[in-house]
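Please consult the sequence and the model shown below while reading.

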Amino acid sequence: MKQKFPLFFGLSREKTLIPTKGLYFVFALFILLVPTTSAFTADTDEIETVTRDLCNLSRFTGDEEEATEYISEKMHERGLTVTVESFEVPVEIRGGGREDEEQPVLIGSNVIGVKEGKSNQTVIVCAHYDTAAPEHPGEEYPGADDNAAGVASMLEVARLLQDEDLDRTLYFIAFSGEDVGLFGSKKWLDAHEDRHDEIIAAINLDCVAYGDSLRAVALPQHRWLYEWFPESGSITYDRAYGVATGDEFRFQEHHLPVIRLIDGGDHVTIWDTPEDRPERLNYTLAAGCARAVAGGIAWVEETGDLTPPECVARVENGTIYYDSPEDLTYEVIVDRQNLGSFPSGAVSLPQGVHTAETVGHDYFGNLLWGPIQYVPGAHEVEVVGYDAAGNRQRIHLAAEGRDLDLPVAAKNNAGITLEASGRNKKWCPGIQELRYEIERPKEVAAVAGFIDGIRVADLSSENSLVLTPGNHTYGIVAYGEGGGVVGSDETTIIQRAWGESFDFPPNNNPFYEPRPKGIPIIRIFVVGGVLVFALALVAVYRKKRR
């Protein structure tokens, strides 16, 4: 029998229940043997000081030099090896601009602090330090919860682990460019693609100090990361969707395991406004966040295991099978699309590969896609097996599919309906949420989903998929006890591409001032002066000729 057995300092792990008569002896051993890493005590005052200091510095991407220097100094104090990597963000002038002008750019900087471990296996703790662009001239966005406190908590994790001798290498990254389109995390991951196989997990701290609770969010296939963190009354673990709205999406885009910690307060009312001030925050909550992250990393270190798990995969008659002697979480990626975690034999491939060509742009600059087509060819399949410590085995396959036409019910007796939604902001489309409802579930014995023709048996509702930009199909088929189709529905999904530039609001654009409607007074004086001077020269010339 298993139950949660509480440890000291608010941490807990799943332990085997111990008979009462042995508790005193075990307790004495525990006091002597418990690892010091479980005794982390976060410095609430330090987190508040760093948060307030950052709120007094300009942190909009392109105007963040002082903040960059400040974070670099704090990382040095924590014994990290620090580098600063700059990147460009193209700017689109919304509300006016001249065609002959060069497109302006914002220069952002990522601050990276590294604590070297005994291996190249890497855990990333990250937080963005930039703020949003104020909507109106003269406004200031302190960005306390979003996200000075997240940076302060990240730096506190680095302090807590400063003297620990670790097997895994830790990266502490303060990203810029988040509020203009997740550019800092994108640029860093694109520039360090050679390191992706070494990254076993990323932990994104984004808005962690407003209210009295935290929420952990990850894609279903990456929720083994929840086991890293201690039980706590202030942390809830999201079991619904894994929709990304911050830098975590850039990791998901590259199929890298990532978890986001976010506070449960009514932060939407203060984000990107002058009201996001440091005096409104709960620094005890931020300290709990730092303690949980440090404790999670320490727990993984205590496993002492850096060995990739054993895992084999194969494709038979278009169906993907995988197995392992270990208890693993599997992730299935087909044609660069992350379908999620399914049991062996659940995913079957169609004949031909899904494709859609771009045909232009809409008014907002989003790519427009032509009709969906299926062309002959082998599928690119990747099966990833994870153990609890984040060790993984990746298996790449090229596989042919088979005829998997989407069955259609003659009459939808089950009353099945589906819904697909995602974030449609130009620069932040996020993850697609796919779910369905069955009005008469008693008539349904099994359900299958069809994602771009790929069949997933027993597909549950409330799925989060990482799809490539373009048009996609999503279908649901319900089967009765006899195997016949009793209900079906199908829809088309448009997964928008992320924006490649940032749009400044027209009323607060530092790069462009619209042409005056009339002739400015100064221009009248200049032109008038030139005319007077010219007339004077003509008069002198005529006088000399006389």
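**Surface charge and aromatic pairs**

Glu-66 is located in helix H3, which covers residues 65-77. The model is a predicted one. The points below take up the surface around this residue and then turn to the aromatic rings.

**Negative patch**

- Glu-66 belongs to a surface patch of negative charge, in which it gathers with Asp-63, Glu-65 and Glu-69.
- Glu-66 has a relative accessible area of 53% and is therefore exposed, since the term applies over 50%.

**Aromatic pairs**

- Across the whole structure, a search finds 6 aromatic pairs.
- One of them joins Phe-60 and Phe-502 in a tilted arrangement, with 6.2 Å from centre to centre and 55° between the planes.
- Phe-60 sits in the loop between helix H2 (44-55) and H3, whereas Phe-502 belongs to strand S29 (residues 502-504), so this pair ties together parts that lie 442 residues apart in sequence.
- Phe-60 and Phe-502 are both buried.
- Tyr-322 and Tyr-330 have ring centres 4.6 Å apart and planes at 40°, so this pair is tilted; the tilted class lies between stacked, under 30 degrees, and edge-to-face, over 60.
- Tyr-322 and Tyr-330 are likewise buried.

**Aromatic cluster**

- Trp-224, Trp-228 and Tyr-386 are linked by ring pairs into a cluster.

Definitions and conventions
Residues numbered from 1 in each chain as written. Predicted model: local features only at pLDDT ≥ 70, side-chain atom pairs only at ≥ 80, totals over all residues. Heavy atoms only, no water. Patch = residues over 30% accessible without salt bridge, like charges linked within 9 Å, V, L, I, M, F, W, Y side chains within 5 Å. Areas by Shrake-Rupley, 256 points an atom, 1.4 Å probe, with all protein chains shown as cover. Salt bridge = Lys/Arg side-chain N within 4 Å of Asp/Glu carboxyl O. Lys, Arg positive; Asp, Glu negative; His and termini not counted. Charge placed at Lys NZ, Arg CZ, Asp CG, Glu CD. Helix = DSSP H or I, 4+ residues; strand = E, 2+ residues; numbered from the N terminus. Buried < 20%, exposed > 50% of the residue type's maximum accessible area, 1.4 Å probe, protein only. Phe/Tyr/Trp six-rings, centres within 6.5 Å; stacked < 30°, edge-to-face > 60°.
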